[in-house]
Amino acid sequence: MSNHSPHHAPTVAERLWQELAATAPQHDRDADLAIEAYGLVKHFGDIHAVNGIDLRVRPGQIFGFLGQNGSGKTTTVRMLTTLLRPTEGSARVAGFDVLSQDRQVRRAIGVALQEAGLDILQTGRELLRLQSRLYNVPRGEIEDRVAHLLEVVDLSEDADRRIGDYSGGMQRRLDLASALVHSPSIIFLDEPTTGLDPVSRQNLWDYIQRLNREDGVTFFLTTQYLEEADQLCDEIAILDAGEIVQQGTPDGLKATVSADVIYVQVEGNERAQQRAVGVLLPLPNVEDAQWDFNEGIAVYSKSGHDTLPRVVRTLDEANLPFSNLRLARATLDDVFFKATGHRIEPDGQAGQAAQSTQGGSA
Amino acid sequence: MTTLEVPPAPEDSSSRAAGPLQVLIDARHLAVRAIRESTRQPGVEITNVFIPLFFLAVSTGAIANFSERGFGVENYLAFQLPVAVLQAVAGSSAASGIAIVLDMERGYFDKLLLTPASRWSLIIGRVWADAVRAIFFATIMLVAALIAGSGMATGVPGAILILIIAGLFGGAYSGIGIFIAMRTGNAQAAQAGFLLFFPLLFMAPAFAPLAVFDDWLRIIATINPVTYIMEGMRGLVMEGYAWPVTEGGQIVFGPDGLPMTKDPPALHWAFVSLAGFSAFTLTIAALALRSRTRAD
């Protein structure tokens with residue numbers, strides 16, 4: 001993905017895509033994609049927040065955007081939900097163009113943004129009522145629907161208290177309920193569980209999964225939690241500096257990194273770290289080695305048990321004192337680190353190795 | 001917790017009334033919410049009552065005894081009543097800019113933008129709520145002044161006219177708060193919107209008639225729309241109805257180029273000024289909303 005230049009002529013891309021879709025076999029046709037984006041770009045002055053993102057999310061998917069703060073997740077969500085105009089590119093949500101059919105898009109989607117966007121002076125019930133009215137839920141159905149949604153998110157007992165008195169978890173749940181008043185087929189959640197305690201987080205995951213399973217609701221969520229992406233999402237796109245650097249199912253992504261990772265803290269300055277990576281990379285079965293300030297050196301190996309003693313021997317021979325040696329199964333964390341992490345600059349081998357892994361899997 | 005089945009969404013083509021009517025329906029829902037919020041922060045609203053009443057009391061206490069000798073105003077409380085009304089209204093409307101900024105900071109403004117409701121209904125809802133609140137605060141000022149002995153030359157119809165003017169001024173003034181909120185998204189800036197009220201109210205014949213002003217101040221007051229709104233109300237309190245002098249169906253213009261009126265200040269100028277003032281504030285508010293929501 002990062003190898004491609006952003007589509008600067010989205011209409012051409014779109015036309016091409018339609019052409020392809022029309023000629024593809026029936027089961028491959030994506031004419032009914034829930035979310036599709038072509039070369040989405042967003043610049044704020046000199047800041048390039050999003051640098052050419054292409055997306056295809058099928059109905060019924062839980063699609064996750066994984067990235068650190070500032071990677072462009074929120075900006076992308078704001079473009080897809082009609083709150084921001086893209087600098088370049090185009091997107092369709094529920095089949096409607098986000099620019100020319102923004103009203104239709106808003107009717108089709110439910111959105112819960114990063115900070116629960118609530119009004120602390122209203123009660124939970126009042127907020128859902130107002131929300132229902134603005135979505136034109138028929139008058140006679142409003143009370144029932146509001147009561148039902150309050151029950152769904154476990155807030156019936158607190159419905160008539162002011163939102164300002166709610167805990168963070170309650171506010172998130174109410175926010176989610178407010179995104180559901182009009183039964184949207186696609187729901188956008190921007191960092192839905194950031195700042196939640198583990199129990200509330202698990203509860204929210206349960207709601208999302210049930211809505212997805214029982215009502216076929218499509219979810220597009222952003223997160224900075226690997227665990228969240230891993231547990232919840234059918235498909236994950238790793239976002240870094242406004243570009244998708246890796247995309248796939250959680251298992252598929254994990255398969256792109258080696259089976260095992262050996263973590264080791266080598267003492268000394270950055271030069272020592274670079275030297276260590278330099279001596280570890282040529283070892284048999286080692287596919288990659290990268291240094292990170294916090295984690296130390298991560299050595300990716302096809303067979304950790306064979307590599308571990310070699311790592312010890314090699315570092316000893318190279319006169320590199322080390323500590324905290326441990327062996328772990330590769331996780332999404334490693335996928336992310338390999339896709340976005342700080343790798344050793346500019347010293348040849350390691351840099352190239354990291355480069356090639358990244359290039360090969362993108 | 002129960003099952004998650006949610007009733008099907010309404011068909012979108014048929015369920016929303018077309019165009020302007022829907023904007024007004026949505027605006028009304030939003031206005032109701034804004035008014036409800038005021039009632040839930042009595043502490044905030046009490047200042048909108050206290051400050052103008054305080055000014056009314058102290059300025060009358062200080063000046064009433066020589067106002068007749070000084071500049072020929074016999075009932076200074078009556079003279080001050082429109083100032084109190086406008087002050088209360090400006091204070092309450094300026095607060096709504098701050099409310100919008102708080103909505104933005106809490107993310108609720110985005111939530112409203114994400115609904116299919118028209119952007120215009122967001123502005124109209126606020127203006128609507130501010131007009132209603134303006135009438136509420138104006139009523140308090142009016143009742144307090146009447147009890148204290150201001151009198152009302154035009155009786156109940158005049159009082160109703162004053163409330164209507166107050167409501168229109170409140171709606172117009174809220175455009176300033178909306179403009180600042182949309183442009184800056186900053187609570188302090190929105191707070192400063194209240195400061196505009198000082199030049200607007202006090203570079204007008206608030207404490208004394210225009211006739212005794214220094215030239216520089218009189219010139220500024222002459223181009224200040226609030227002058228005409230204030231004088232229009234003042235005429236209703238102190239003198240009676242005043243309409244332009246006409247001759248054979250034609251309005252007669254005086255030497256200063258303005259339509260001549262009988263003695264009391266001309267009520268029609270109050271409405272003309274209100275129209276101009278609100279056209280200006282609501283236009284900048286609408287433009288600011290558009291540039292924010294289009295946005296970048």
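I count two residues as in contact if their C-beta atoms, placed from the backbone, lie within 7 Å. The model is predicted: local features need pLDDT of at least 70, side-chain atom pairs count only at pLDDT 80 or more, and totals for chains, interfaces and linings use all residues. Residues are numbered from 1 along each chain as its sequence is written, and chains are lettered from A and ligands numbered from 1 in the order in which they are written.

Entry: helix H4(A). Helices (H or I, at least four residues) and strands (E, at least two) are DSSP runs, numbered from the N terminus. I call a residue buried if 20 or more other C-beta atoms lie within 10 Å of its own. In helix H4 (residues 124-134) of chain A, 10 of the 11 residues are buried, so the helix is largely enclosed by the rest of the structure. What do they pack against? I found helix H5 (139-152) and helix H6 (168-178) of chain A, together with helix H2 (19-39) of chain B. Just after H4(A), I noted a positive phi of about 55° at A:Asn136.

Entry: sheet. I traced an open sheet of six strands in chain A, ordered E6-E7-E8-E3-E9-E10, with mixed pairing; two strands pair if DSSP finds at least two bridges between them. Its edge strands are E6 (109-112) and E10 (243-248) of chain A. E6(A) runs parallel to E7 (residues 186-190) of chain A over four bridges.

Entry: confidence. pLDDT is the predictor's confidence in each residue, from 0 to 100. Chain A has a mean of 81.

Conventions:
Buried ≥ 20, exposed ≤ 12 C-beta atoms within 10 Å, placed from the backbone.
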